[in-house]
Structures are given as C-alpha cells and as structure tokens.
2 protein chains.
Amino acid sequence: MAEAPVTAPGPGQLLLKTLYLEFSPAQKSWMENVAPYRAPVSIGDVMPGNAAAVVVESGDSGFAPGDLVTGPFGWQEFPTVPASEAVGVPDGVPAASALSVLGVSGKTAYGGLINVGKPRAGDTVLVSGAAGAVGAIVGQIAKIAGCRVIGIAGGPDKCLWLTETVGYDEAIDYRADDFKARLKALCPNGVDIFFDNVGGEILNLALARLARGARVVICGGVARLNMDARDPSKMIEGPRNYFNVVFTGATIQGFLVYDFQDQFPDIVRQLTAWLRTGQLVSHEDIRTGFENAPATLRGIFEGANQGKQMLKVAEAN
Amino acid sequence: MAEAPVTAPGPGQLLLKTLYLEFSPAQKSWMENVAPYRAPVSIGDVMPGNAAAVVVESGDSGFAPGDLVTGPFGWQEFPTVPASEAVGVPDGVPAASALSVLGVSGKTAYGGLINVGKPRAGDTVLVSGAAGAVGAIVGQIAKIAGCRVIGIAGGPDKCLWLTETVGYDEAIDYRADDFKARLKALCPNGVDIFFDNVGGEILNLALARLARGARVVICGGVARLNMDARDPSKMIEGPRNYFNVVFTGATIQGFLVYDFQDQFPDIVRQLTAWLRTGQLVSHEDIRTGFENAPATLRGIFEGANQGKQMLKVAEAN
C-alpha cells in the first residue's frame with residue numbers, strides 16, 4: 001500500500017474516483033507472470049484489475065465530471081488514466097452491474113456459452129463453478145437460450161442460491177456424497193454443453209456424461225489453477241476421461257475472452273438489453289474497504305463469493 | 001480355428017472366396033467388448049473383420065461370379081453372406097486397395113482430416129502413427145489439400161519410408177533423443193492440425209505446440225489402447241497439456257468413422273478418383289496364410305506394419 005499525490009489530468013486524460021474493484025482468478029496468473037497474453041507485473045507496479053469509477057476531472061471532450069465509467073484502472077483510489085481506457089456506463093445500469101455483466105465476467109460468459117458452446121433450445125447445459133461470477137451469468141444466458149441448466153457448486157447454501165435466486169433448474173453440491181449419482185440422475189440423456197470453470201475431477205466426471213455431439217467449453221478462469229506456475233506448458237494433470245470425445249464426437253474447446261474482442265460492442269449491446277428488461281440480473285458479492293483488496297482477491301480462491309466478487313471503495317457522491 | 005461345411009447361397013445371399021483380410025486396432029476393443037457402438041463378440045463367434053473377396057456363387061441379381069467385393073465378412077475362407085453387406089470394388093481398383101483406401105482406413109483418414117480437421121492450404125499438419133494404415137492416407141490427403149505435412153513414427157526405417165515413399169514433407173522418430181527438439185524446430189509457427197492416432201505422451205507434446213485456432217483430431221484407432229478395458233469411461237491417463245486449448249482457442253474433437261456414414265458415397269467417390277489419378281496411393285503391408293491371422297492382428301499393436309496391414313488368404317483365380 002503506497003500513497004502518492006493525485007495527478008491532475010492532462011489533455012486526453014481523466015482523473016477518476018474509484019467506486020468498485022472487481023476480482024477474478026486471472027489476477028493470480030498475472031502476478032505469477034504465467035499468462036502469455038499480457039505483459040508481466042513487477043514488484044512496485046500498481047496491481048492490475050478492472051474498476052468502476054466516477055469522473056472527477058476531465059481532460060477529454062468525451063467525458064464530463066460525474067460520468068460513470070469502467071476500465072482497467074488498477075487498484076488505485078484516484079487514478080489518472082487515458083480517456084481511451086474508459087468505457088461509459090450505459091444509462092440505467094448501476095456501475096457495479098456494468099463492471100460485472102458488461103465487463104470481463106459477462107463477456108466471458110456470453111462468448112464462451114454462445115460463440116463456443118452454441119446452445120440450442122432444449123440442450124442440457126452443465127456449468128461448474130456455477131455460483132462464481134461467470135457461472136451465475138452463464139446459467140441465466142443458457143435459460144434465455146431455452147436450455148435446461150444444471151449448476152455445480154460447493155455446499156448447500158450456494159446450491160440453494162443457484163436455484164432460488166439465480167434461476168438454475170437444478171444445482172448439485174460437489175461436496176455431497178451423492179454428487180456422482182445426482183449428476184447421472186439429472187442428465188439421463190447426457191450433457192450437451194459442459195461449461196467448465198473448474199477443471200480437475202469435476203471435468204473428468206462431466207466428460208464421462210457427454211451426449212453425442214457435446215461441446216465442452218474450457219473457460220480460462222479458475223482452471224488456471226491447474227497449471228504449473230513455473231512452466232505454463234506443463235499442466236499438473238489432464239482430464240482422464242477425455243477419450244470419450246471419440247465415442248460421442250464431442251468437442252473440447254478453450255477460449256479467452258479476448259478471442260471475441262471484435263464482437264465486444266455487439267455482446268455489450270445484447271447484455272445491456274437483457275439487464276434493462278430484467279432477463280439478466282447482476283449478482284454481486286460486495287465487500288467494503290480499499291485496504292481489504294488483497295484479502296478479497298484471496299477469498300475467491302477459497303470459493304467465498306456468491307456471484308461477482310467486488311470491493312466497494314467509495315460512494316459516487 | 002474351426003472347419004465347417006461351405007453353405008450354398010440362398011436368395012439374396014452370396015458365397016464368397018476371401019482374398020484379403022484387413023486388420024485394425026479397433027478389433028481388440030471388439031473382443032474386449034469395450035466398444036459401445038457395436039454388439040459384443042462371444043467365444044465361438046466368427047472373428048469380425050473386413051475382407052476383400054470374389055463372388056463364387058450368387059443368389060442376388062446385383063452380383064455375378066467373379067465380381068470383386070469388400071465387406072464385414074469376418075475371418076472365414078468361404079463365407080456365405082447377405083448381398084446387402086457386399087460392396088462392389090470399382091473398376092480399375094485392386095481389391096486390396098479397395099479394402100484399405102475405400103474401406104474403414106480411408107474413410108477414417110478422409111472424415112477425420114477433412115470433416116473434423118478442416119485443412120486449409122498452407123496449414124502445418126502433424127500426424128502421429130503416421131506410418132500406420134490411417135496415417136499413411138492422412139498424410140497424402142493433407143498434401144492434396146495443400147498442407148505442409150509432418151509425420152511421427154517409430155524408428156528411422158519408417159521415417160525414411162514416410163518421406164521417400166508416402167510423400168510426407170518431414171518425419172520425426174519419436175524414439176530418437178532429439179524428438180522434442182525436432183518437433184519444435186519443424187513447427188516454428190505451431191501446429192494447425194494434429195491428427196492423433198496414438199495418444200499418450202505424443203499427444204501431450206503436440207498440445208504444447210498448438211497454433212492459434214488449432215484443431216486436434218482424436219482418431220478412435222490406436223488410442224483406444226489408453227482405455228481401461230473393464231470400464232471404458234475410466235481412462236488411464238489424460239493429456240496433461242490440454243489446457244493450452246485455452247490460450248490458443250484450439251479445439252479437441254473426437255470421431256468414429258461411423259459419424260460420417262451418410263457421406264460415405266461421396267467420400268468413396270472422391271477417394272476412388274484420387275486412386276485412379278494416382279494422387280493417392282494405397283500402401284499395404286501384406287502377410288500370407290489364413291492361419292497367421294491372429295499373429296498378424298497382434299503385430300499391429302507392436303507397430304510391425306508400414307501402411308495397411310493385410311493378410312492374403314487366396315488368389316482370385
């Protein structure tokens with residue numbers, strides 16, 4: 001934690017007051033410098049991360065004081081940033097919802113489910129890490145697409161939350177003794193789409209339950225944990241049952257949200273529309289206090305959150 | 001080995017004289033009853049397998065004595081079969097070539113490479129088990145599609161055969177000390193299509209070398225060996241580096257040749273045309289003597305064959 005003077009914005013810059021920070025498993029790999037798609041983080045750098053903020057002072061004609069914005073502003077209370085990094089929050093959408101559903105989590109959920117998973121009405125969609133930021137959105141989009149949606153989460157509280165609040169048709173507690181039996185019973189015709197946020201043994205079990213022509217969507221989120229941090233090309237363990245793809249003609253496909261970068265405007269337009277009609281609800285798990293940022297990041301690796309983990313740093317006014 | 005009287009064909013039946021038997025790794029899984037797509041084989045049954053034969057006596061108006069046919073006639077010298085199981089050998093194509101290139105091996109190579117792998121001119125195509133029945137055909141079709149084709153095989157003789165005879169651009173000996181280094185050196189921009197006939201450690205290494213948007217084609221052939229025979233849903237080991245699909249947006253897709261059943265007429269027409277122009281050559285490894293069938297089947301699991309393993313049972317005339 002370091003203090004530094006607030007910098008007045010130059011031309012094309014914005015001085016912001018941070019309202020919310022968001023947290024995602026990818027941040028761990030950024031610190032470990034095992035993410036091949038971004039520059040390394042060094043000791044002393046501002047911790048990278050996305051935030052929602054309000055414009056305090058603007059050096060750019062596109063923004064005025066009071067405007068709500070999101071962007072990769074890092075863990076700072078009053079960042080001065082290039083205006084090109086800021087995206088305006090659409091009218092009628094709360095700043096925290098924009099940070100989650102219109103941000104990386106929502107784009108990941110949409111791109112992974114729609115572009116990679118290609119859901120069809122009536123498909124059985126199974127989601128691991130269903131109570132996490134991405135999982136909670138995937139389940140809702142799959143319902144909009146007319147699918148039957150089954151979530152996997154840890155513990156009865158999260159499972160109840162998935163079916164009662166988020167709108168999953170069914171939820172399975174992977175810590176329960178009857179996990180395998182329930183997975184089998186709830187997918188009598190197999191799984192058409194498995195959206196995997198977790199990897200490991202849950203992936204093995206899901207691979208054993210694929211329907212013909214199934215799509216297995218490997219989300220680059222929590223599964224990163226399966227990597228050997230010293231050499232990202234060396235994974236600790238592979239999915240034992242992957243060979244069932246031969247008998248089912250199934251596809252295992254990985255993605256990073258940046259794969260869909262050129263479709264972001266369309267994806268955000270669709271997500272915004274669903275937020276406005278209430279078909280899609282932003283579920284946030286909000287802690288408070290800027291000093292709690294490191295502990296909050298650690299918490300998502302312990303499965304502490306239900307929905308998108310955020311930290312409220314300040315009020316807009 | 002059992003002797004039984006030759007049965008005269010009834011209406012709609014054919015009495016055949018077997019000329020060639022073909023052998024494939026799938027036959028092991030049929031005996032172990034771990035192949036979910038076909039009925040089990042029992043002790044005392046005729047060993048199933050495809051054969052090329054000549055019609056001796058015909059009870060069907062579509063066939064006459066002397067016609068060459070292929071089909072799933074099993075390990076028999078003079079089978080009597082329903083005419084519906086027999087497929088005529090196209091004019092100008094040798095019976096053994098029809099059994100290999102127009103049979104399961106050729107359809108598997110074509111369907112896996114073209115339908116699943118979707119090759120584009122200029123792609124780098126890597127093939128494991130390249131000197132096997134399927135691999136030798138995959139390499140040739142990939143060349144026809146304008147790809148750069150690299151084969152993996154065991155030992156310098158097979159590697160030389162791949163580049164000198166089959167037409168692979170490069171071949172890598174997986175038993176050589178410099179295997180990993182050569183794989184890396186020959187694929188400086190990564191692998192666009194990995195056609196996997198083997199699984200195991202070669203799959204791990206190939207997954208570490210994928211190009212963006214790569215397609216990994218898991219052929220249901222030799223990789224079956226990776227299965228636990230007592231429970232096909234339990235695999236012995238998964239591909240450790242599968243998680244690279246996230247960073248490359250790659251696809252791992254499995255298939256069985258029967259997935260393309262409705263396209264067989266078109267596939268056979270194309271393969272026949274290529275055989276006739278000489279763009280595609282049938283490479284056969286032919287042993288002799290009906291009594292050697294069991295030993296010949298065992299041989300393909302020891303990598304004894306170069307190209308399609310066959311057994312010559314009799315002359316046509």
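Is B:D259 buried, exposed or partly exposed? At 29% relative accessibility, B:D259 counts as partly exposed; buried means under 20% relative accessible area, exposed over 50%, and partly exposed in between, with a 1.4 Å probe and protein chains only.

This is a predicted model, in which local features need pLDDT of at least 70, side-chain atom pairs count only at pLDDT 80 or more, and totals for chains, interfaces and linings use all residues. Residues are numbered from 1 along each chain as its sequence is written, chains are lettered from A and ligands numbered from 1 in the order in which they are written, and side-chain values use heavy atoms, with hydrogens and water left out.

**Salt bridges**

Over all chains, the structure holds 16 salt bridges. In each, a side-chain nitrogen of Lys or Arg lies within 4 Å of a carboxyl oxygen of Asp or Glu. The table gives some of the pairs.

| Pair | Closest N and O atoms |
|---|---|
| B:D259 and A:R212 | 3.2 Å |
| B:D169 and B:K143 | 2.9 Å |
| B:K312 and B:E315 | 3.1 Å |

B:D259 forms a salt bridge with A:R212. B:D259 sits in the loop between β11 (251-255) and α9 (264-277) of chain B, and A:R212 in strand β10 (residues 210-219) of chain A, so this pair joins two chains. Helices (H or I, at least four residues) and strands (E, at least two) are DSSP runs, numbered from the N terminus.

B:D169 forms a salt bridge with B:K143. B:D169 is in the loop between α5 (156-166) and β8 (170-173) of chain B, and B:K143 is in helix α4 (residues 133-144) of chain B, so the pair ties together parts that are 26 residues apart in sequence. B:D169 is partly exposed at 31% relative accessibility, and B:K143 is partly exposed at 34%. In chain A, a network of salt bridges links A:R120, A:D123 and A:R215.

**Helix α6 of chain A**

The buried residues of helix α6 (residues 179-186) of chain A are A:F179, A:L183 and A:L186. Seen down the axis of α6(A), they fall within an arc of 80 degrees, so they line one face of the helix; the arc is that of the directions from the helix axis to the C-beta atoms. An α-helix has 3.6 residues a turn, so residues three or four places apart point the same way. On the other side of α6(A), A:K180, A:A181, A:K184 and A:A185 are exposed. The cover over the buried residues includes β7 (148-153) and α7 (200-207) of chain A, where contact means heavy atoms within 4.5 Å.
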